[in-house]
Amino acid sequence: MSFTPSRSQSPVSSESDPAVGPCPFLIQVYHQFHTRNHILDVLDDVVPSIEIYGWMNMSLYELGVFIAEKILFQQEDTKHPEWMLQFRFVFHDRFKGRPSSRDMGTICLHNPKLFQGSKLLKATGMKCGDRIDVCIKPNKIRLRK
């Protein structure tokens, strides 16, 4: 019997092992409902954050599901899939000498194919050590039904 470990079962893998995938890294996720965080608040760790282990070949939708499990599905009043998550990564731009951010995309938890749900983290330009700011908004179009 052949056993191929999945990404969630193998925290210590390498780029050279194609059956497992690349090595996971720690992602700092800063979140806020209905608005984005200020860039300096994210870089100074002033706003609430969670830590998630992820991979550069994971999609924005997969990252959104991890965030939803840690934040949204823990409370009774936010335990529905009708959420939109807007991602951006925050970093210190060494060329400009100041903090900066770049939009990564938007996903809907109820449909992975909407917006940029299938976009990979490595396609967004994110690097290890960048922090992710997430704006969590209810999807009002779906909630009206």
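What covers the buried residues of α2? Keep that in mind as you move through the model.

**Before you click.** This is a predicted model, in which local features need pLDDT of at least 70, side-chain atom pairs count only at pLDDT 80 or more, and totals for chains, interfaces and linings use all residues. Residues are numbered from 1 along each chain as its sequence is written, and side-chain values use heavy atoms, with hydrogens and water left out.

**Whole chain.** Show the protein chain as a cartoon. Helices (H or I, at least four residues) and strands (E, at least two) are DSSP runs, numbered from the N terminus. Trace the protein chain from the N terminus: the elements run β-α-β-α-β-β-α-β-α. Now switch to a surface. The protein chain exposes about 8700 Å², with 53% of it supplied by carbon and sulfur atoms; the areas come from the Shrake-Rupley method with a 1.4 Å probe, and for residues only the protein chains shown count as cover. Of the 145 residues, 41% are buried, meaning under 20% relative accessible area (1.4 Å probe, protein chains only).

**The sheet.** Select the five strands. They form an open sheet in the order β2-β1-β5-β3-β4, with mixed pairing. Strands count as paired if DSSP finds at least two bridges between them. β2 and β4 are the edge strands, each pairing on one side only. From one strand to the next, the twist averages 30 degrees; axes are lines fitted to C-alpha atoms, for helices over the stretch in contact, and angles run from 0 to 180 degrees between N-to-C directions.

Zoom in on β3 and β4. They pair in the antiparallel sense over 10 bridges. Pick Phe 91: Ser 100 in β4 stands opposite.

**Helix α2.** Next, select residues 60-70. Leu 60, Leu 63, Gly 64, Ile 67 and Ala 68 are buried in this helix. Look down the axis of α2: its buried residues fall within an arc of 140 degrees, so they line one face of the helix. The arc is that of the directions from the helix axis to the C-beta atoms. An α-helix has 3.6 residues a turn, so residues three or four places apart point the same way.

Back to the opening question. The cover over the buried residues of α2 includes β1 (25-33), β2 (49-54), β3 (83-93), β4 (98-108), α3 (121-124) and β5 (131-138). Contact here means heavy atoms within 4.5 Å.

**Cysteines.** Finish with Cys 108, buried at 1% relative accessibility. Then select Cys 135, buried at 2%.

Notes:
Buried means under 20% relative accessible area, exposed over 50%, partly exposed in between (1.4 Å probe, protein chains only).
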